[in-house]
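Here is a short briefing to read alongside the model.

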Amino acid sequence: MSTAATPILEIGRSTPNIPFEIHTMEWIDRNRWQQNSVPHRHNYFVIVWVKKGKGAHFIDLEKFELQNDTVYCITPGQVHLLKQDGPTEGYVISFTADFMGMEESNLDLLFNTGLFNAFSRSPVIKVDADVKDEMEDAVRRMLKEYANFFLLRSEILRGYLKIFLIYLTRQFEKTNQQPTQSRNIELMHKFLSLLEKNYAQKRMVTDYAEELVVTPNYLNEVVKKISGFPASHHIQQRIVLEAKRQAAFSNVTMKEIAYNLGFDDTAHFSKFFKNASGMSFTDFKKSLQEGSDIR
């Protein structure tokens, strides 16, 4: 990476949320190449289905080589950049949580399946050949409906999107099966969802245990059984992840990052960062200068 960090392009921060969009990757390349040429993040959900292409997808500080028929689920707030090596075929679907509505089954698809919690699992899903045609059919129907303005357009789009997400969830669960009771998995998902919303304000396991109506010890135990790490570890790593994002993609100082993440004392934040990441904040900043393809 270069010494001067490339600022994150904040998409949707100063403009109204987009309720729903779907485009081919060819359309994106023609119409949004400038926006997508730099690391950026959205305040809505994004699904990128790469049907065919070469290159790399950078999500936060990780690099994923593009493979045919892979799907990337981007959570609001994640920094990403798609670098294509030649023409790429596929689709990009964007939508807000409000667009999905308040039905419990719809909210489960977003917050309790793990699709949009890439912080704890790989955000890459390989499309199974046996459901590829069904997923393609749902996408084509969404494209057709999106191009028109018929009666109850949003309801039809929401229905096809839900079908697509269900197919995606089935494949995600197949590759991320856990030999644990479903009740514990549900608690894990609820914890991660709360963490995503509150990591900048709440740093104690007790804070989350109270909201989930369990004891801190029980929450730590369940989360560790499923993920291999206690809840306290996930809280620390989520805070560190955001600190690294801001350090890598903006020119803010450590003091500013500490303040953004709820630390009044810079020295306390510095110690927290080193204990949670294994290196000092200064050493991490130096490591960014070693060079990266994302720049």
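Predicted model: local features only at pLDDT ≥ 70, side-chain atom pairs only at ≥ 80, totals over all residues.

The protein has 12 helices and 10 strands in its secondary structure, and 46% of its 295 residues count as buried. Looking at contacts between residues at least 6 apart in sequence, 74% join residues at least 24 apart.

**α8 with α9**

- On the α8 side, the contact is made by Leu219, Asn220, Val223 and Ser227; on the α9 side, Ala231, Ser232 and His234 take part.
- Sorted by class, this contact of α8 with α9 holds three nonpolar residues, four polar residues and no charged ones.

**α8 with α7**

- Helix α7 (residues 205-212) packs against α8 at an angle of about 95°, and the two axes are 8 Å apart.
- The pair α7 and α8 is therefore also described as roughly perpendicular.
- From α7, the residues in this contact are Val205, Thr206, Tyr208, Ala209 and Leu212, and they meet Pro216, Leu219 and Asn220 of α8.
- The contact of α7 with α8 divides into six nonpolar and two polar residues, with no charged ones.

**α8 itself**

- Helix α8 runs over residues 216-227, which is 12 residues. At 1.5 Å a residue it should span 16 Å, and its end C-alpha atoms are 16 Å apart, so the two values agree.
- Buried residues in α8 are Leu219, Asn220, Val222, Val223 and Ile226. Leu219 and Asn220 are listed in the contact with α7 and also in the contact with α9.
- Just after α8 comes Gly228, which takes a positive phi of about 95°.

**The five-stranded sheet**

- The sheet is open, with five strands in the order β2-β9-β4-β7-β10 and antiparallel pairing.
- β2 (20-24) and β10 (124-126) are its edge strands, each pairing on one side only.
- From one strand to the next, the twist averages 15°.
- β2 and β9 (residues 89-95) run antiparallel and are joined by five bridges; Thr24 has Tyr91 in β9 as its bridge partner.
- Helix α4 (residues 129-146) lies across β2, β4 (45-52) and β9, running at about 110° to β2.

**Glu136, in α4**

- Glu136 lies in helix α4. Its relative accessible area is 6%, under the 20% cut-off, so Glu136 counts as buried.
- Leaving aside neighbours within four places in sequence, the contacts of Glu136 are Trp49, Lys51 and Tyr91. Tyr91 is also the bridge partner of Thr24.

**Leu261, in a loop**

- Leu261 is found in the loop between α10 (254-260) and α11 (266-277).
- Is Leu261 buried or exposed? Leu261 is buried, because its relative accessible area is 1% and the cut-off is 20%.
- Not counting residues up to four places away in sequence, Leu261 touches Tyr199, Ala200, Arg203, Ile239, Glu242, Ala243, Gln246 and Phe269.
- Glu242, one of those residues, is 19 residues from Leu261 in sequence, with 8.2 Å from C-alpha to C-alpha.

How values were computed:
Residues numbered from 1 in each chain as written. Heavy atoms only, no water. Helix = DSSP H or I, 4+ residues; strand = E, 2+ residues; numbered from the N terminus. Expected span 1.5 Å × (residues − 1). Buried < 20%, exposed > 50% of the residue type's maximum accessible area, 1.4 Å probe, protein only. Axes fitted to C-alpha atoms, helices over the stretch in contact; angles between N-to-C directions. Parallel < 35°, antiparallel > 145°, perpendicular 65-115°, else oblique. Contact = heavy atoms within 4.5 Å. Nonpolar A, V, L, I, M, F, W, Y, C, P; charged D, E, K, R; others polar. Pairing = 2+ DSSP bridges.
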